[in-house]
Structure formats: C-alpha cells, structure tokens
Amino acid sequence: MKHAAVLYTCIGLMGAAAITGFVDYTQASNAGTLSNLYKEELPTTGSTLISEKEIDLEDYSRAALEEQMVNDQQEETIAEKPKPKKPKKTVPPPPPPPKQKKTVTVEVVEDVPVAPPAEPEVIVEKVAPTPSEPPAPVVEVKAEEPPTPATEEVKSTRITPRIFSRAPLPPKVNAVKKKKRS
Amino acid sequence: MNIRLLTLRRTKQVFTVTFFWLPISFFSLLLIWNTIPYFNFSKDFSFIQERAVLFLQPIYNWSFYIHIFAGMFCIGTALLQFSSYLLKKRKKIHVWSGRVYVMVVLLLGAPTGLYMSFFAKGGFAERGLFMFMAISWFFFTLKGFTTILNKHVLAHKIWMMRSYAMALTAVTFRVYYIILYLYDVPLTLNYEMSLWMSVVGNLMVAEYLIYRKSKAYLTTFTT
C-alpha cells in the first residue's frame, strides 16, 4: 500500500512535469521566444571556468629585450656625452681616443669567436699584432638579433578538473600571433 | 578449482576495476564536486548565464536546482550499488542507498529532467532525446524498484543496470564532449555528437553487460 502510494505519486509528478513542460513550451513557441532561449555569445565573468588569455609574445621575446637594453645603453651614452658624434667610420682616425669613439678596438686572437657587442652597429677593427704583417682589413660586425620564429602557436585553454562541469566550453582559439618588428 | 581458472578470474576482476570502475568513480566524483558550487544559488555561472532567459522562470529555476541536487545523490549512491562486497557483507548499505537512489530518481530527478527537456539546448532531435532519457530513466528505475519488491532479483539487476546507464549519461556526455573538444570538433556538432554517443553508447554497453550477465539464464529458455 505504501509502495503503491509512492509509485502513483511518482507517476503523477512525471505527468505534471510533462503537462507543465508542454504548456510552457507551447507558450514560448507562440510568443516566438523559443529561439532566443540561449545566448549565442558566452559571457566572460569571473567565474568562467576557462579563461582565455592571449600572450603577447613580442613583449617577452629575447630580441625585444635586447633591443630595449641597447636603447637603454644608447640613452646612457648620450647622457654622458652631449657632443654629437659621427655616425660611423669604416676607417678610424689616426689618434683614436677609445672613450669618445664608438669604435671598439679588439685584438683578435685566432680560434676565439668574437662575441657580439651589445650595440647594434659597432665597428670592430682588427689591429695587426706585429708591424711586419700586412694591415688586416676592417671587419664590420653588426650586433645580430637572435632568430625569432615568425609565428608561434599558443593554446588558449588548459584542461583542468573544472572543465568537467556544466559550463559550456569556450570556442577553441589557437591564437597565432605574428611578431611585429618595429 | 583449477588454479589457472582462479588466476584468470582474478585478472579479470583487476582489469574491470582498473579500466571500468575506477574511471567511472573518478568522473562521477568529479561531477559531484563540480556541482557543489551551484548551491550558493549565484547566477554567476556561465551555464546559468547562457540560459538567463530560462532561469527567469521560477519553475525552470527550481527544476534545475532540484535536478542537480538529485543527480548528485543519484550518482553518488549508484556507485555503491554495484559492489558485490557491499551486497554480500553489508546488505543494509545496499538497501538504503538503493532506496535513496530510487526515491531521488522517481520523485526529483526524472520529473525535473522531463520538464527541462522541453527547453533543452539543441534541435528538435536533441530535445526528443532528452525527453527519452528522462522517461526511460524513470521507467527503468520504476521497473527495478517493482521487481525487487516482487523478489525478482535478476530482473531487478537488469533494470537497475539500464537505469544506471541512463544516469551515467551525465558523466559520459562530458567525457565525450571534452574528447571531441580536444579534437577541434565545432561546439554545436560536438554537443550533439556527445549527447547521442553518451545515450546510445551507454545503452549499448548496458545491454551487452546484461546479455553477458544473464546468458546462463537466457539459455534455459532455448534448451
């Protein structure tokens, strides 16, 4: 008797749910709101489970950092020496004061690689070690930037346990950022 | 008994636990864990905000909260029901968790699910599928309940396996959804595919397991 009551209650509830659902569905379809029940664009709120974050690769690239460092160094040099300097010289002047010139005199030892200087355009003059040898040609070495990939693929979503919830997943975006060279 | 047969049986048990019950338990508990935050009744969830128009209706609003509350208990208690250890050694636990499961499904989960299925996401077919899920979940559970009241244990097992297959669609749907999402399937297609795969797949697995379980019983009709 008790079980029968429970069963009939359950069946009654199902019937009520079906009727109520059908009535509400019919009302919504008559009102024309049935197609507007779901938002097309997902809102981005604080509780969004997967935050889509784009990483600006340019800011963190090594080339940008080196460029910034070079700029800083140039600013410091300008602050120290207010006199205008000659842009560059392939042939150094006869009495070269090393502090005032932008040329760096390096005695080249063979089998030792020349380290790239910090400044972008630096003239490295090869000085002859002995007077008997013919004068070595002037070698111009430019500070090279490290190779940076043109495009880098960033996956904007991570798989976390929170992804296993009722929240709709965001559209998957493979953020491809092209490195801008300024 | 033959030692080889015993070893084979033991290996089968270990494989079943490792590759079937362990993932199911993990994802079920994860689903329960992710459901808990909804009970601060905040609207600041993307699931709710996506259905903001629907949640303005008090019936839909309460149906949702009742449904997820029922789902938590249903999935939690169902995990205990298929343990042969509990069934043999702690039968009281099986009986009481079974009662909770049946009452929660019949009184709360299935009716609210049926109401919400009218407004389910997707097309007409998906709404129909949700309705089928709610009705079949209710019917399978009801049959499982009535068969055990009549002391028909095998039929009770069969109907409860079908009922659990329907309950587990909440878990398998999310698993398929995430897998297809990782394979860059468009979201709408992903949603529909995951839904159909979870319902049809779960039913097929359940029927296969039922066939295996009751094979010996079924052969009694043929011979």
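Predicted model: local features only at pLDDT ≥ 70, side-chain atom pairs only at ≥ 80, totals over all residues.

Reader: How far apart are Lys213(B) and Lys157(B), in sequence and in space?

Author: They are 56 residues apart in sequence, and their C-alpha atoms are 9.4 Å apart.

Reader: Which helix is Lys213(B) in, and is Lys213(B) buried or partly exposed?

Author: Lys213(B) belongs to helix α10 of chain B, residues 187-213. Its relative accessible area is 47%, so Lys213(B) counts as partly exposed.

Reader: OK, switching to charges. How many salt bridges are there over all chains?

Author: There are 3. One of them pairs Arg162(B) with Glu207(B), at 2.7 Å from N to O. Arg162(B) sits in helix α8 and Glu207(B) in helix α10 of chain B, so the bridge ties together parts 45 residues apart in sequence.

Reader: Arg162(B), buried or exposed? And what about Glu207(B)?

Author: Arg162(B) is buried, at 16% relative accessible area. Glu207(B) is partly exposed, at 35%.

Reader: Which residues are joined into one network by salt bridges that share partners?

Author: Glu50(B), Arg51(B) and Lys121(B). Arg51(B) bridges to Glu50(B) with the closest N and O atoms 2.8 Å apart, and Lys121(B) bridges to Glu50(B) at 2.9 Å, N to O. The Lys121(B) pair links distant parts of the chain, 71 residues apart: Lys121(B) is in the loop between α6 and α7, while Glu50(B) is in helix α2.

Reader: And the accessibility of Glu50(B) and Lys121(B)?

Author: Glu50(B) is buried, with a relative accessible area of 4%. Arg51(B) is buried too, but Lys121(B) is partly exposed at 22%.

Reader: Last topic: at what angle do α7(B) and α8(B) pack?

Author: About 155°, with their axes 8 Å apart. Angles over 145 degrees count as roughly antiparallel, and therefore α7(B) and α8(B) are roughly antiparallel to each other. The crossing of α7(B) past α8(B) is left-handed.

Reader: Which residues meet there?

Author: On the α7(B) side they include Met133(B), Trp137(B), Phe140(B) and Ile148(B), and on the α8(B) side Val153(B), Trp159(B), Met160(B) and Met166(B) are among them. The contact residues divide into 12 nonpolar, 6 polar and 2 charged. Arg162(B), from the salt bridge with Glu207(B), is also one of the α8(B) residues in this contact.

Key: Residues numbered from 1 in each chain as written. Chains lettered and ligands numbered in written order. Heavy atoms only, no water. Axes fitted to C-alpha atoms, helices over the stretch in contact; angles between N-to-C directions. Helix = DSSP H or I, 4+ residues; strand = E, 2+ residues; numbered from the N terminus. Parallel < 35°, antiparallel > 145°, perpendicular 65-115°, else oblique. Left-handed = near helix turned anticlockwise from the far one by under 90°. Contact = heavy atoms within 4.5 Å. Nonpolar A, V, L, I, M, F, W, Y, C, P; charged D, E, K, R; others polar. Buried < 20%, exposed > 50% of the residue type's maximum accessible area, 1.4 Å probe, protein only. Salt bridge = Lys/Arg side-chain N within 4 Å of Asp/Glu carboxyl O.
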